Amino acid sequence: MRQIWIPKAGPPEVLEVKAAADPRPGPGEIRIRVEASGVNFADIMGRLGLYPDLPRLPVVPGYEVAGRVDEVGAGVDPGWVGRDVFAMTRFGGYADVVSAPLVQVFPRPSNMSAEEGASIPVNYLTAWQLIVAMGGLKAGETVLVHSAGGGVGIAATQIAKHIGAKVIGTASAGKHAELSALGVDWLIDYTTEDFESRARGITGGRGVELILDAVGGDSLKKGYRLLAPTGRLGVFGVSSTVTGKAAGYFGMASMLVKTPWVQFNPISLMNANKGVFGVNLGHLWGEFERVRPWMDELVRLWRIGAIKPKIARVFPFDEAPAAHHFIQDRKNIGKVLLKP
Ligand SMILES: NC(=O)c1ccc[n+]([C@@H]2O[C@H](COP(=O)([O-])OP(=O)(O)OC[C@H]3O[C@@H](n4cnc5c(N)ncnc54)[C@H](OP(=O)(O)O)[C@@H]3O)[C@@H](O)[C@H]2O)c1
C-alpha cells in the first residue's frame, strides 16, 4: 500500500508518500481499498505541530476514507467483501488501503460516489452535532456560521436550511458569490467588517440564536455578546492558531491570550440566559452508539437531496503538499480530497 506520512512538523512539502505492506484486518475489522481520503483542517494543524490529539510524529494522518471492502477480520460477516463503504479512521486515512473497526464503517448508497462518501463523516457529523444534537436549532432561528466556505461550514448551512433556519456566514470575500448560491442568506467579509455589529444589524439588534465558532480567541468574545437570550455558542476549533505554513507557536500563544477565559462563568451564563458548548468529534470514539444514528439520518437526508457535499478539489496522493497549500491559501470552497 501507499501512505502519506507527516515525518516532522513543517510546511506542506514535508508530506511524503511511502510504500508499506498491506494491513491485515484484525478481529472485528474490515479492510478497504481506498478510492478517496478526506483532508481536514486538523491534518494541517497536525502537520504544523499544533494538534495535541495527533500521535507522536512520524504519523499517517487522516480521519475518513471511502472505497470498497476487500477483506474482513475474524467475527465479521464475509458478506461485507465487495461492498462500497465510507469510514471514519482514527488517523491513518491518508492511505490507499485501510483497516477499520466495523463500528466506524457505513455502507455507501449505490449512487453515492467515493468522493462524496469521503466528504461526509467529519464535516457532516460535526455540523450535525453542532446544529442538531447540541445546538438545538429550530425553524425561524438564525445561526451564524464562521468559515462558511469550509467543509463544515457548507455542511452546517445545508442542515440549517433543511431545518428552516436562516444562515449568516463569515468568509473571505472571494467566496461570497458561491456561498450565496449554496444557500447562505447573509455573508460577512470578516477581514474588512466587524462580524458582531454586522450580524446585530442583520438581526435588527436582536442577536442570533446559535453560533458555530472554530476560529477561537477574540471571535468567542464577540460571539458570546452577539447571542440573543437563550442563544448558544458552539466552540469546535481554533483555526486562528494557524498563522503561517511553517511550524511555529505564535498563533497558539496569541489565541490563548485572546480567549475569554472568565467571560463564560456559571453566574454570567445564568444571568444572560446563554449557553456555551464544545464539540470535538475526535473525542467521541467510544460513543459510536450515539454517533451512528446521526449518520443514519444524514444518509437519509443525502438520499432525499437535502444535503450534498460540495467538493472543492481532488488531488492525487503525490500532490498532497498542494492539497494542504490549497486550503492554507484559502482557495477551497468545500471539501478537499486525496485520490490514490
Ligand atoms: N471539533 C471538531 O470535531 C471539528 C471537526 C471538523 C472541523 N473542525 C474545525 O473546524 C474548522 C473548519 O474546518 P473545515 O474542515 O470546515 O475547514 P476547511 O474545509 O479546511 O476550510 C478551512 C476554512 O477555514 C477558514 N480559515 C480560518 N482560518 C484559517 C487559516 N488560518 N488558514 C486557512 N483557512 C482558514 C477558511 O475560510 P476563510 O477563507 O473564509 O477564512 C476556510 O473556509 C477548523 O478549525 C477545524 O479544525 C473541528
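Q: How far is the backbone N or O atom of V152 from an oxygen atom of the ligand?
A: The distance is 2.8 Å. Keep in mind that this is a predicted model.

Q: OK. And what about the side chain of Y190, how far is its N or O atom from a ligand oxygen?
A: That pair is 2.4 Å apart.

Q: What does A214 use, backbone or side chain?
A: Backbone. An N or O atom there lies 3.4 Å from an oxygen atom of the ligand.

Q: How much of the ligand's accessible area does the protein cover?
A: The protein covers 93%. On its own, the ligand has 910 Å² of accessible area.

Q: Which residues come nearest to the ligand?
A: S172, K175, Y190, L281 and R330. They belong to a set of 24 residues around the ligand.

Q: How does that shell divide by class?
A: Eleven residues are nonpolar, eleven are polar and two are charged.

Q: Which helix gives the largest share of the shell?
A: That is α3, with three residues. Both α3 (121-133) and α4 (151-163) supply at least two residues each.

Q: Switching topic. How much space is in the second largest pocket?
A: About 180 Å³.

Q: What lines the second largest pocket?
A: G216, L220, V235, G237, V238, M255, L256, T259, P260, W261 and F264.

Q: And how many of those lining residues are nonpolar, polar or charged?
A: Eight are nonpolar and three are polar. The lining of this pocket has no charged residues, while the shell around the ligand has two.

Methods:
Residues numbered from 1 in each chain as written. Predicted model: local features only at pLDDT ≥ 70, side-chain atom pairs only at ≥ 80, totals over all residues. Heavy atoms only, no water. 1 Å grid on protein atoms, 1.4 Å probe; cavity = no way out; pocket = protein on both sides within 12 Å on 5 of 7 lines; lining within 4 Å. Points joined across faces, edges and corners; volume = space filled by probe spheres on them. Nonpolar A, V, L, I, M, F, W, Y, C, P; charged D, E, K, R; others polar. Near = heavy atom within 4 Å. Polar contact = N/O pair within 3.5 Å; in protein donor to acceptor, adjacent residues only side chain to side chain. Areas by Shrake-Rupley, 256 points an atom, 1.4 Å probe, with all protein chains shown as cover. Helix = DSSP H or I, 4+ residues; strand = E, 2+ residues; numbered from the N terminus.
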